[in-house]
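My notes are below, as numbered points you can check against the display.

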Amino acid sequence: MPRTSRSSLVEPRLPSWWLEEALAAEGKPEPAPVLDGDAEADVAIVGGGYTGLWTALALRERLPDARVVVLEAEICGAGPSGRNGGFLNGWWPVLGDLRRLVGDDGTLEIARAGARIVPAVREFCERRGEDVWLRASGELKVSAAPAQDAVVEAAVAAARELGVEEEAVPLSREEVAERCRSPVLRGGVFFRDGANVQPALLVRALRRAVLAEGIRLHEGSPVVAVEDGAVRTPRGRLRAPEIVLATNAALTGWGPVSRRLTNFGSYVVLTEPVPELVEQIGWTGGESIVDGRMFVHYFRTTRDGRVLMGSGSGPIGFGGRIDDRFSRDGPTARRAEAGLRRLLPDLAEARVERSWGGPIDVSADHLPFFGTVPGKRFHYGAGYSGNGVGPSWVGGQILASLVAGLDDEWTRLPLATRRVKPLPPEPLKRLGGGLVRAAIMACEAAEEQGRRGPLPARAAAALPRLLGMQIGTR
């Protein structure tokens, strides 16, 4: 008898399950003090997520005597750093896209910098005695519809043409099934350089490290104004000659980078613990998995046998506003659950317990960028485009070197030197992005039913690529 799905239509809410678990493990600690009154520092870092905290730690290495202060609007982990899927990897899966942007040499330079991420996070955890559920089991990119086959083939071809074929190993349908059995998975490619973590445990570990290094942290201190030599919060003013803006999606409304960013919503659903069902489908190796859609499904298991399924098909933002579209959009959460039921039908009996969402900062070319505002000492990093857990470590190295005024391997990366094509101004950015999003979703729904998308939808979905931009993953 076919199984009946135990769908519960759980509405998305915050905080994430990740953050609840991480705070409970800490004994529900008190937040760091609010910035109250005037203060001084050598470096002010705005944002207490991955990028800001990695930057603070990297600055301690480069400028050990610098007075560094981190300002966080809520608590560390309340933002996307505590809500994401926990995929820890660099850029081997997107070699083809990188080649179009920065050429072969730049591609290998970026990919090899990204290959340092997992060892760096492992070393950080081992040195400080932190358990963030790090599991280095690699990543699978799979085809779940005929139209996605080309995505897998292109990933394999790009690695082969660059002479790094060991970084993208093709898998047949049968070889994919040996790792995760599903009737809809047609084949895939395995990237050995991949891991996953409990993301809120990681950001909270970084918070502890920052405090242990004597770096001042103020939580509950949203920055409301950035000035030459100072930042303002509702209750205080922090003077600092060097200012780092590391708020990712919240930077979309900031003038110097607003034309290079837009925000999309990404939502996940999380099942109850079902280790016996996970074992039945052979998904015991811990691989993170991404399908070949433009708005990807991303899925993984947890240490206690839960399954997380995410959908990057959430609403598009307007003018940089972060509102309920990014945390309470039920339709996107339901698309994530629909992905779970379609991609892993043998988990039909697994009840969804939780759902949550968050904004992702998407750059015009789908690659993060870092820099310094001309004539100012404002340093920034954004545009992770849904892959920020690992690349934020690289971002921290780049930003620390920019603050220190270094000309080194980090500041010479194309991530810090390339020109990012601007997006249209608002409201065209919102209207055009909404049109393209709807077209992509129509095409993908048709492809998964074995049909071609309607011609107008296919034309609209192809528009970003024709303009040298990227929305989604292809």
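**Notes on the model**

1. The buried residues of helix 1 (residues 17-26) are W17, W18, L19, A22 and L23. Here buried means under 20% relative accessible area, exposed means over 50%, and partly exposed is in between (1.4 Å probe, protein chains only). Helices (H or I, at least four residues) and strands (E, at least two) are DSSP runs, numbered from the N terminus. As background, an α-helix has 3.6 residues a turn, so residues three or four places apart point the same way.

2. Some ground rules before going on. This is a predicted model, in which local features need pLDDT of at least 70 and side-chain atom pairs count only at pLDDT 80 or more, while totals for chains, interfaces and linings use all residues. Residues are numbered from 1 along each chain as its sequence is written, and side-chain values use heavy atoms, with hydrogens and water left out.

3. Both ends of helix 1 have something to look at. In the segment before helix 1 you'll find P15, and the peptide bond from L14 to P15 is cis, with omega near 0°. Just after the helix, G27 takes a positive phi of about 80°.

4. Now the whole chain. It has 14 helices and 20 strands, and its C-alpha atoms fill a box of roughly 70 × 50 × 40 Å along the principal axes. Of the 474 residues, 59% count as buried.

5. How much of the contact pattern joins residues at least 24 apart? Among contacts between residues at least 6 apart in sequence, the share is 77%. Contact means heavy atoms within 4.5 Å. As for the surface, the chain exposes about 18300 Å², and carbon and sulfur atoms supply 53% of that. Accessible areas come from the Shrake-Rupley method with a 1.4 Å probe, and for residues only the protein chains shown count as cover.

6. L140 is worth a click. This residue lies in strand 5 (residues 139-143) and is buried, with a relative accessible area of 1%. Leaving aside neighbours within four places in sequence, L140 is in contact with L171, R179, V189, F190, E287, S288, I289 and V290. The C-alpha atoms of L140 and G194, 54 residues apart along the chain, are separated by 8.9 Å.

7. Which residues does E213 touch, leaving aside its neighbours within four places in sequence? They are L57, R60 and R128. E213 sits in the loop between helix 7 and strand 9 (216-218) and is partly exposed, with a relative accessible area of 30%. R60 is 153 residues away along the chain, yet the two C-alpha atoms are separated by 7.7 Å.

8. M294 is in the loop between strand 15 (288-291) and strand 16. At 8% relative accessibility, M294 counts as buried. Its C-alpha atom and that of A461, 167 residues apart along the chain, are separated by 9.5 Å.

9. E426 and P427 are joined by a cis peptide bond with omega about 5°, and P427 lies in the loop between helix 12 (414-417) and helix 13 (428-448). H366, in the loop between strand 18 and strand 19 (369-372), has a positive phi near 70° without being a glycine. S385 is not a glycine either, and has a positive phi of about 60°; S385 lies in the loop between strand 20 (378-382) and helix 11 (391-403) and, at 10% relative accessibility, counts as buried.
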